[in-house]
Amino acid sequence: MAEGSNGRRRFSDKWGKHELDVLAVLSSAFPQWLTSRQIAQRVKAYADSYGELADQAAKAAFAKQFQRDRAKLAAMGIAIESRQPEYSSKSEGQDFASYRLQLGDEPRVRLRFKQEDLPVLAAANYLARSMSISSSSAKHEEQQHTSRTAPRVPQTPTPGLGLDSIAPGLGTQPIPDNLMKVVDQRRFAATIDVDGGHMNVAYTDSDDLAMFMLEHPGSSVVSPQEAVDAWNRRLNAATQFTLADESQGEIGETIVTPSINKTTVNGEADRENSKSHSKRSSSFQTGSEVDRRLRLMLFLSAHLGEEYSLEELAERFIGEPKTEDEKKKGVAVIRKDINTLTTVSDDGEMAGSQFFDIDWSLLDADGIVSATNSLGLERLAGISQQYLSMLTASVSYLAHSSLLPMEQREQAESLYVRLRQHVKPGETPWLSLTGYEVEPRSFSVVKRAISTDSLLDMEYTDGTGRTRRKLVAPSKIFVDEGVYYVAVWTDVAKAAPKDKKKFVSKDTTINKATGEPRIWQVLRLSRIEKAELVEPTTQIDIPDVPVAELRKWSFDNGTPTVFITDKPDLPFIKTLPGATVERCGDGEKVHLTVSSDSWFVAFAIAHARHITAVAPEPLLTMIVARAHRELSLENNSNQQDK
């Protein structure tokens, strides 16, 4: 059959996909509503299978298939809205609802993005989509439960496809692994009121969110209701704490907290980590042909009448070719996609319907695509105001976090300034991830020094705020009280190059907690401003000291604390370095020395649903008082809302 604009093959038959046929039918009819029967008659694949929906079996089969196709379109960012059934069959079976394409009343924002914007934009889109999807999932679960036999498919469109239509090539950009790891761990989202402004917070679980709330005094949970309830449950539980018995039994187990040292960097742990990351793609785009065609369709819809070469479209939607052969294959794929999108839905009543009119002579002669007549689909291209706000907040967050390299953070700052101009006043919801201090800026260079047995020439801020410079040998990185620490060995004079010896400082003063000279130094990674690797002149013999012992070097005057749980083997206890755990009734008694009383107050309230008693008494008093204060703030906030 000729490849002209008339009599073209039906893609429903060849590719086995109904979604594009459904989209063509609903697009052509917009703004009219089509009944189930009209859709079944006009989509060729449905008409062949279900005919006139004359019996209950055909109705049920059609309903299931249509809902699957509707869900696929929704997952790709195109929603089909429905309204009350026009009529119902007298016997049990599928009601006949009316449907139409959801083009929306709000105009979408269309921007021009530069090629250098795409890496940052892709990262921000990944973050924004994760927040939006988790929020919509929560809302979906709140909805009234539908019939037991109804297909369980999401109908809310996944956000972001409209962005693909004006920023082609977005899906081929690699997403930094550390960003994916941090974002994927935070599966839920809540809106928090902080000092009168709203902030979207992504968090791992309700304990994690409670810890964030306590680290931001005066904040309150706005939505969803599940998050509000979970936060209040922890506060109420904390007000019921009793005073724990501080005595310590003879049998106790000390928590061995994982740390990053030479063994874990170069050994099994690192291989397992890399293995898990290799299983998933670094780019955020599925390889589905239908996905790619939808993105291409919306892009052409948003740029009717403009001319694009097949090579340019192939690079935008498939990726930059590495060889001439890849380039030819990409061009062939895009040409095939153009043919598919212009295929007639040859189904009688809808005969002649197609997504585009293409200038075929221009395409055949010069390999240039110029499209017109997109059936109104241009209204799907671009960014909604709501999603633009979330995207802008994501760009702002990435500009000020440690999740992107410095050059990309600067690019994010520039992009934020441009995006902010298009956001309506008061509609930029600021965004945050719990556990902000994830792999501070110096993390990678310190980890590299550990793995290569190198010395580290570092500039750091000491406890008084002064900047110091010191040559050390880093040994272990560990997390304590929610903060990254590095333990460094300072006795490195023998291995220091001549030009670096002046930066060696072996502290021989006595550490009160250990009773030994301060040859070990433990400091927060975030305090290291600059660091570079130095090749040692000889190998250094650094003693292997457990993290529990290293904790004692980080502070002289800690607070011995005790808390009792209602059950054993709770996961959050295993994250407490140096904690001693013993059985106590139905649960466990945990002994822990802390350097920050305020951290322990927040920790106890955040995990209050499993803690029954706390000691010493001054800390118990602080915990109960803080919980009462937060509850009063929540009550005041609720009264103001009413």
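**Strands, a sheet and a helix pair**

Q: What stands opposite Phe 563 in β21?
A: Val 614 does. Strands here are DSSP E runs of at least two residues, helices H or I runs of at least four, numbered from the N terminus.

Q: What sort of model is this?
A: This is a predicted model, where local features need pLDDT of at least 70 and side-chain atom pairs 80 or more, while totals for chains, interfaces and linings use all residues. Residues are numbered from 1 along each chain as its sequence is written, and side-chain values use heavy atoms, without hydrogens and water.

Q: Back to β21. In which sense does β18 pair with it, parallel or antiparallel?
A: Antiparallel: β18 (residues 559-565) and β21 share four bridges. Pairing takes at least two DSSP bridges between two strands.

Q: And β7, parallel or antiparallel to β21?
A: Parallel, with two bridges between β7 (residues 242-243) and β21. Leu 243 stands opposite Val 614 there.

Q: Why is β21 called largely enclosed?
A: Because four of the five residues of β21 (residues 611-615) are buried, that is, under 20% relative accessible area with a 1.4 Å probe, protein chains only.

Q: OK, other topic. What's the strand order in the open sheet of five?
A: The order is β16-β15-β14-β13-β17, with antiparallel pairing. The edge strands are β16 (520-524) and β17 (528-534), each pairing on one side only. On average, neighbouring strands of this sheet are turned by 45 degrees against each other, direction ignored. Axes are lines fitted to C-alpha atoms, for helices over the stretch in contact, and angles run from 0 to 180 degrees between N-to-C directions.

Q: What about β14: how many of its residues are buried?
A: Ten of the 14 residues in β14 (residues 467-480) are, so that strand is largely enclosed by the rest of the structure.

Q: How many bridges tie β14 to β13?
A: Six, with β13 (residues 455-461) antiparallel to β14. Asp 457 has Leu 471 in β14 as its bridge partner.

Q: What's in the turn of that hairpin?
A: Five residues lie between β13 and β14, and Gly 465 in this turn has a positive phi of about 95 degrees.

Q: And how many bridges on the β15 side of β14?
A: Seven, again antiparallel, with β15 covering residues 483-489. Phe 478 has Tyr 485 in β15 as its bridge partner, and Asp 480 stands opposite Val 483 in β15. The β14-β15 hairpin has two residues between the strands, and Glu 481 takes a positive phi near 55 degrees.

Q: Which strands does α19 lie across?
A: β13, β14, β15 and β17. Helix α19 (residues 443-451) runs at about 85 degrees to β14.

Q: Last one: at what angle do α9 and α21 cross?
A: Roughly 145 degrees, and the axes of α9 (residues 206-215) and α21 (residues 597-606) come within 8 Å.

Q: Which residues of α9 meet α21?
A: Asp 207, Ala 210, Met 211 and Leu 214 in α9 meet Trp 599, Ala 602, Phe 603, Ile 605 and Ala 606 in α21. Contact means heavy atoms within 4.5 Å.

Conventions. Buried means under 20% relative accessible area, exposed over 50%, partly exposed in between (1.4 Å probe, protein chains only).
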